[in-house]
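Dear colleague,

Please find below the structure I promised to hand over. My notes on what was found in it follow directly after.

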Amino acid sequence: MTTRILTGITTSGTPHLGNYAGAIRPAIVASRQEGADSFYFLADYHALIKCDDPLRIQRSRLEIAATWLACGLDSDRVTFYRQSDIPEIPELTWLLTCVAGKGLLNRAHAYKASVDRNLELGEDPDAGVTMGLYSYPVLMAADILMFNAQQVPVGRDQIQHVEMARDIGQRFNHLFGRGREFFVQPQALIEEGVATLPGLDGRKMSKSYDNTIPLFGSAKQLKAAIAQIVTDSRAPGEAKDPDGAHLFTLYQAFATPEQVAGFRAELLQGLAWGEAKQRLFELLDNELGEARERYHELISRPDDLEDILLAGALKARKIATPFLGELREAVGLRSFRADLQAGTQAKKKTGKAARFVSFRDDDGRFRFRLLDAAGEQLLLSVAFADGKAAGQASKRLQAGEPLDLRPIEGGFSVWLDDQPVADSPTFADVALRDGAMQGLREALGPQPD
Ligand code: TRP
């Protein structure tokens, strides 16, 4: 069993040490676990909501892509892409926008915070609020639901958004699923063990507090940042309180238990703050040195990064494109051609009203589906290079010959001349599958006249 894990990184800044410890490092560890099917993407549409500086957006996308790869993300093993390379995501966003309650979005924390601020200032409640900010959770729901992620690792501030994605997905299922669960229910995954790093001033390390330590600055920049960490005024030789020092917390987030114990003892024995900072510098320089080199190499080859991300987008769209096709179909955005054909088929098979619908894949190959009267998919054909072959296969299935159905994992295949030509959906259990095989025989097999 694999678990689909998905998370997005908003591309509006340069990654800092807090991002690394809190998000990047745990995500990469998780992606290496057996059974993990991980999707990581640059949430660059989300970045547009907070940032109107094109250069900054572009720079940040590049830096964040290079950071994740430099830190060891394996783009062959995971699906790593830019949100804006997947046109199905904004399209799904609209389908979801049409089922998302406005009242639900009124309750989003980020939006409410803006309104509260405006009210405090005596402004119009919605002053400065764009529709982007307001609809932020719907776009995020589309990110998650597009790939039916089961687990969504996020910070606590994002839990509400994942819950909204569940709500919106369920609403869509209810309205258009006709018994089918198009969308699974995603769970927010909060890593309890993960460090929230303090910044230079002891508050949470965050770009908005301007208290960050850059992740891949030069050794000199790293040293300069560490020099700015605020400490108490205890003199060299005076015992320090490790648990009251955020410098110690920072050290702890990157050190082995033995190193931590050693550092603690030294502080208690009166290690000077200047020395302590040097210890932290050495630790970080050691942990980040190799990745920093890889980072600068990647940044200097933007063409290669582009290739990696486009390959990721292709991989993601293999899932997104057909799935969006089904969702369009579900809401009634269907090809007229398919309808026409379906109309004639339905007439032929009155009573059963199963219908064949042919279509072409993105890559131009030919397929057909068999849908039941309710539009539920009974079969999806293999891809045929030529349209005639696809047409002949679907004709033969309608000719009333006995069907050659063969069980496969989770479902069954239909065979013609010792070749599989179409597959059923997957079923939760064998009884359902056998029922569906029987139903198909009745719908397509020899017809009593
Ligand atoms: N909103 C998230 C953040 O700011 C980023 C994000 C966008 C995201 N889409 C997502 C996270 C989908 C998880 C899943 O942190």
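In this predicted model, a polar side-chain atom of glutamine 158 lies 2.9 Å from a nitrogen atom of the ligand. Tyrosine 136 also places an N or O atom of its side chain 2.5 Å from a ligand nitrogen. On the oxygen side, an N or O atom in the side chain of threonine 10 is 3.2 Å from an oxygen atom of the ligand.

The shell around the ligand comprises 14 residues, of which Thr10, His46, Tyr136, Asp143 and Gln158 come nearest. By class, 8 of the shell residues are nonpolar, 5 polar and 1 charged. At least two shell residues each are supplied by strand S1 (3-10), strand S2 (36-43) and helix H7 (131-146).

As to the overall arrangement, the domain assignment divides the chain into domain 1 (3-100 + 135-193 + 301-321), domain 2 (216-295) and domain 3 (335-444). The centres of domain 2 and domain 3, taken over C-alpha atoms, are 65 Å apart.

Regarding confidence, the chain has a mean pLDDT of 92, and 95% of its residues reach 70 or more. Residues 346-351 stay under 50, and the model has 5 contacts for them beyond four places in sequence. Where pLDDT is low, predicted coordinates should not be read in detail.

With kind regards

How values were computed. Residues are numbered from 1 along each chain as its sequence is written. This is a predicted model: local features need pLDDT of at least 70, side-chain atom pairs count only at pLDDT 80 or more; totals for chains, interfaces and linings use all residues. Side-chain values use heavy atoms; hydrogens and water are left out. pLDDT is the predictor's confidence in each residue, from 0 to 100. Contact means heavy atoms within 4.5 Å. A residue is near a molecule or strand if one of its heavy atoms lies within 4 Å of it. A polar contact is a pair of N or O atoms within 3.5 Å; within protein, one must be able to donate a hydrogen and the other to accept it, and residues adjacent in sequence count only if both atoms are side-chain atoms. Helices (H or I, at least four residues) and strands (E, at least two) are DSSP runs, numbered from the N terminus. Ala, Val, Leu, Ile, Met, Phe, Trp, Tyr, Cys and Pro count as nonpolar, Asp, Glu, Lys and Arg as charged, and the others, Gly among them, as polar. Domain bounds come from an automatic or database domain assignment.
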